[in-house]
Amino acid sequence: MEELKENRMGTEAIPPLLLKTTIPLMFSLLANNLYNMVDSIFISHVGEDALTALSMASPVQQLMAALGCGIAVGLNAAVSKALGEQNQEKVRRTTSAAIFLGICSWLIIILCGILFTRSYFFWQTDGNPVIAEYGISYLRICMIFSLGQMMQWVFDRLIIASGKSMLFLATLGTAAVVNLILDPILIFGYMGFAPMGTAGAAIATVIGQSCGAVLGVILNIRYNKEIPVSFTWKPDVHMLLNILRVGIPTSIMQGLVSFMGIAVNTILYGFSSTAVAVYGICARIQNLAGIPVHGIDNGLIPIIAYNYGARKRERVDESIRWAFIYALALTGIVIVFLEAFPAPILYLFDASETMLSMGTQAIRILAVSYLLSVFGLVIGTTFQALGNGSYSMYLTVARQVVLPIGFAFLLAKTGNLWMVWAAFLISEIIALPLAFFLFGRIRHTVLEQ
């Protein structure tokens, strides 16, 4: 076994380490989510039907991301733990297994894109051909050419695991800039291109993801020397299982969240297609509002996993405590902005009077649920970093799937749309006791042993 110099994850003071690790991640997530937001803004000027189609495509894209996210989270925990153990050969075999899993995920997505896209949209739109065709042309391209997305998940997590967050900023930033440049050109037909509408948005997205993935490979090989990159079609089975042990629960819970989006879209379509479009806008806003906590979560996983592998329990406790402090403070600032300025946000999406009325109400109710979600997100991330993906799955399924769908279905029967938005807030409140109960269990069974 080759001995490695101890990583700063195990030596630097936690408060500045967490900030140094997460601030670049936040900027990267901001860039990534801004281009998703800009996609929707541009498409809203094609028409409300096109925006509704993107809202219906979003849960399927979340399902795609669930495969990549599961591999990424499992890889992050496994590689960080191996680094903490100073076992470079284990690191090398883990990276090879992760690349293999990423390629397999892409092949699954291609098959699903070819077989199920058309039937999905005609079911969701109740046979509306305009919305369905907008959605099909967008989603099929995103699925068939998703290799860049899968590889970006893998190579970005290798960068995060070694604490080189500025390199991660470069890969996501590149993907975002390429997408932002191509979006108006391909959607509206500038610079000699024919206008392609939603298909243009999809092409811009996959080209951006592919550029980010290529840069990720280059940066890992040249600047991330402590994580050797290799690939074989016969990966180490033990390393595959190490990744999947944490990754499968993560993929399942993210996949279930996407099914929640499908279910909510179905409920909202019973009110109007505008309600579905509003939900899609709110989903984009939620992604932006969640940048502080998701950035902290991404930075927290390698810090906890490294120090857990290095048997530094006091640093694990301190990391969790500071994650709560930073996440609540930063998310709180974002929520104040959303409560104060919902209308200007909606005007970016060419909102009609009906959409403006619906959207203002939705943003203000859902903003409170975003703040409450900080507790569940940080605690769920702690479970993943400690290798207990099952607890994270239980918590996520409760607060993001079972409770929201159940309450949305029941409250929709009142005929009041605002009650459907309130279902998300009620779900977060009810899930809090479960989050802290599971957190207490893992402290007793893992951290105090």
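Predicted model: local features only at pLDDT ≥ 70, side-chain atom pairs only at ≥ 80, totals over all residues.
Residues are numbered from 1 along each chain as its sequence is written, and side-chain values use heavy atoms, without hydrogens and water. Local features need pLDDT of at least 70 and side-chain atom pairs pLDDT 80 or more, while totals for chains, interfaces and linings use all residues.

Me: Why is α11 called roughly antiparallel to α13?

Reply: The axes of α11 (residues 313-340) and α13 (residues 353-385) cross at roughly 165° and come within 9 Å. Angles over 145 degrees count as roughly antiparallel, and therefore α11 is roughly antiparallel to α13.

Me: What makes the contact of α11 with α13, and how do its residues divide by class?

Reply: Contact means heavy atoms within 4.5 Å. Among the residues that make it are Ile-320, Phe-324 and Leu-328 of α11 and Ile-363, Leu-371 and Phe-375 of α13. The contact has 17 nonpolar, 3 polar and 2 charged residues; Ala, Val, Leu, Ile, Met, Phe, Trp, Tyr, Cys and Pro count as nonpolar, Asp, Glu, Lys and Arg as charged, and the others, Gly among them, as polar.

Me: How do you know which residues line the largest pocket?

Reply: On a 1 Å grid over the protein atoms alone, where a 1.4 Å probe is used, a pocket is an open set of points with protein on both sides within 12 Å along at least five of seven lines, and a lining residue has an atom within 4 Å of a point. The lining has 15 residues, with Val-60, Leu-63, Cys-112, Phe-116 and Met-143 among those nearest the pocket's centre. α3 gives the most, with 6 residues.

Me: What classes make up this lining?

Reply: The lining of the largest pocket has 14 nonpolar residues, 1 polar residue and no charged residues.

How values were computed
Helix = DSSP H or I, 4+ residues; strand = E, 2+ residues; numbered from the N terminus. Axes fitted to C-alpha atoms, helices over the stretch in contact; angles between N-to-C directions. Parallel < 35°, antiparallel > 145°, perpendicular 65-115°, else oblique.
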